[in-house]
Amino acid sequence: MPILPKERDSRLITIRRGGSLTDEDHHLLAEWAAVCAEHVLPFFESASPKDARPRDAIAVGRAWIRGEVPMRDAHKTAFVANAAARALPDPAKFAALAAGQAVAVAHVAAHYLGAAAYAIRAAAASVAPEDAEAARMRELEWQHKRIPTRLRELVLEDQRARNAICWGVFTR
């Protein structure tokens with residue numbers, strides 16, 4: 001299921017590509033995505049302890065933020081993290097996909113919300129079905145506390161706008 005809207009929000013497109021997103025805010029979104037993905041990474045690492053691809057992807061995303069890795073390399077790394085998700089139980093799979101989305105923010109800023117959504121799915125899938133809703137809400141609240149202050153309204157508006165294509169995980 002796609003997590004990007006058919007019509008892109010210009011606030012999530014960088015200035016050099018015709019939108020209004022500054023590089024600094026792009027980096028803040030990328031860091032928040034990395035934080036969200038990293039928070040659920042233990043679900044992946046417990047299922048596949050010798051596979052460093054998702055952790056490495058998060059590191060590449062942070063290297064891109066620091067200007068140490070070109071966007072194209074970060075973008076390619078997203079596919080590597082996504083490949084790590086194959087044939088794993090849902091919590092591990094969603095954690096790897098969160099890492100893939102986090103590093104993909106270098107290419108398309110709007111992927112930041114995918115990292116958050118997959119992290120929420122990982123948390124919800126990590127518990128018994130009757131506890132999934134509580135786990136989803138705990139992860140959502142944890143993420144909300146870490147949204148960069150100056151981007152808070154943008155992120156919350158984007159969550160409302162894309163909630164339906166993000167499996168309803170942002171419902172409060």
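1. Which residues of helix α2 are buried? In this predicted model, the buried residues of α2 are P54, A57, I58, V60, G61, R62, A63, W64 and I65. They pack against three other helices, namely α1, α3 (71-84) and α4 (90-104).

2. The length of helix α2 can be checked by a simple calculation. The helix covers residues 53-65, and its 13 residues, at 1.5 Å a residue, should span 18 Å. Just after α2 comes G67, whose phi is positive, at about 85°.

3. Counting ring pairs whose centres lie within 6.5 Å gives three aromatic pairs. One of the pairs joins W32 and Y112: the ring centres are 5.9 Å apart and the planes meet at 50°, so this pair is classed as tilted. The reasoning is that planes under 30 degrees apart would count as stacked and those over 60 as edge-to-face, with the rest tilted.

4. W32 belongs to helix α1 (residues 23-47) and Y112 to helix α5 (residues 112-125), so their pairing ties together parts that are 80 residues apart in sequence. Both W32 and Y112 are buried.

5. A further group of rings involves W167. Ring pairs link W167, F94 and Y118 into a cluster.

Note on methods: Residues numbered from 1 in each chain as written. Predicted model: local features only at pLDDT ≥ 70, side-chain atom pairs only at ≥ 80, totals over all residues. Heavy atoms only, no water. Phe/Tyr/Trp six-rings, centres within 6.5 Å; stacked < 30°, edge-to-face > 60°. Helix = DSSP H or I, 4+ residues; strand = E, 2+ residues; numbered from the N terminus. Buried < 20%, exposed > 50% of the residue type's maximum accessible area, 1.4 Å probe, protein only. Expected span 1.5 Å × (residues − 1). Contact = heavy atoms within 4.5 Å.
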